[in-house]
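Colleague: Thanks for making time to go through this one with me. Could you show me the model before I start asking things?

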Amino acid sequence: MNRRPEHLTAREEQILRCIRRWIEERREGPSVRQLADDIGLSSTASVAYHLGNLEERGALVRDGRGWRTCRLVR
């Protein structure tokens, strides 16, 4: 069972805020590259790692294969 942890890292919180803003402004989530650019990481692999952790912890859910289809879990 996926459960959202009590404490997320600062980077995870930053990623969730970025995704929330993209969804509110554009009605879709950002790509991994757009997330990396927005939060100041040069590696898309680092972003994908954090997204995987957030998905595993239940903080977000993907509706499809890509991260653009993610939904935030409240």
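Modeller: Happy to! One definition before we start: axes are lines fitted to C-alpha atoms, for helices over the stretch in contact, and angles run from 0 to 180 degrees between N-to-C directions. Please keep in mind that this is a predicted model.

Colleague: Good to know. At what angle do helix 1 and helix 3 pack, and what does that make their arrangement?

Modeller: Their axes lie 10 Å apart, and the packing angle is about 85°. Angles of 65 to 115 degrees count as roughly perpendicular. Therefore helix 1, relative to helix 3, is roughly perpendicular.

Colleague: Which residues make that contact, and how do they divide by class?

Modeller: Helix 1 brings Arg11, Glu12, Ile15, Leu16 and Ile19, while helix 3 brings His50, Leu51, Asn53, Leu54 and Arg57. Sorted by class, the residues of this contact of helix 1 with helix 3 are 5 nonpolar, 2 polar and 3 charged.

Colleague: How many residues are in the largest nonpolar core, and which element gives the largest share?

Modeller: The largest nonpolar core holds 18 residues, and those with the most contacts inside it include Ile15, Leu35, Val47 and Leu51. Helix 1 (10-26), helix 2 (32-39) and helix 3 (44-57) are the elements that give two or more residues to this core. The largest share, 5 residues, is from helix 1.

Colleague: What does Val47 touch?

Modeller: Val47 is among the residues with the most contacts inside that core. Not counting residues up to four places away in sequence, Val47 touches Val32, Leu35, Ala36, Ile39 and Leu41.

Colleague: Which value of phi does Arg27 have, and is Arg27 buried or exposed?

Modeller: Most residues other than glycine have a negative phi. Arg27 lies in the loop between helix 1 and helix 2, and its phi is positive, about 65°, although it is not a glycine. With a relative accessibility of 72%, where exposed means over 50%, Arg27 counts as exposed.

Colleague: Last one: where is confidence lowest, and where is it highest?

Modeller: The protein averages a pLDDT of 86, with 91% of the residues scoring at least 70. The lowest confidence is in strand 2 (residues 70-72), at a mean of 81, and the highest, at 94, is in helix 2.

Technical notes
Residues numbered from 1 in each chain as written. Predicted model: local features only at pLDDT ≥ 70, side-chain atom pairs only at ≥ 80, totals over all residues. Heavy atoms only, no water. Core = buried A, V, L, I, M, F, W, Y, C linked by side-chain atoms within 4.5 Å. Buried < 20%, exposed > 50% of the residue type's maximum accessible area, 1.4 Å probe, protein only. Helix = DSSP H or I, 4+ residues; strand = E, 2+ residues; numbered from the N terminus. Contact = heavy atoms within 4.5 Å. Parallel < 35°, antiparallel > 145°, perpendicular 65-115°, else oblique. Nonpolar A, V, L, I, M, F, W, Y, C, P; charged D, E, K, R; others polar. pLDDT = per-residue confidence, 0-100.
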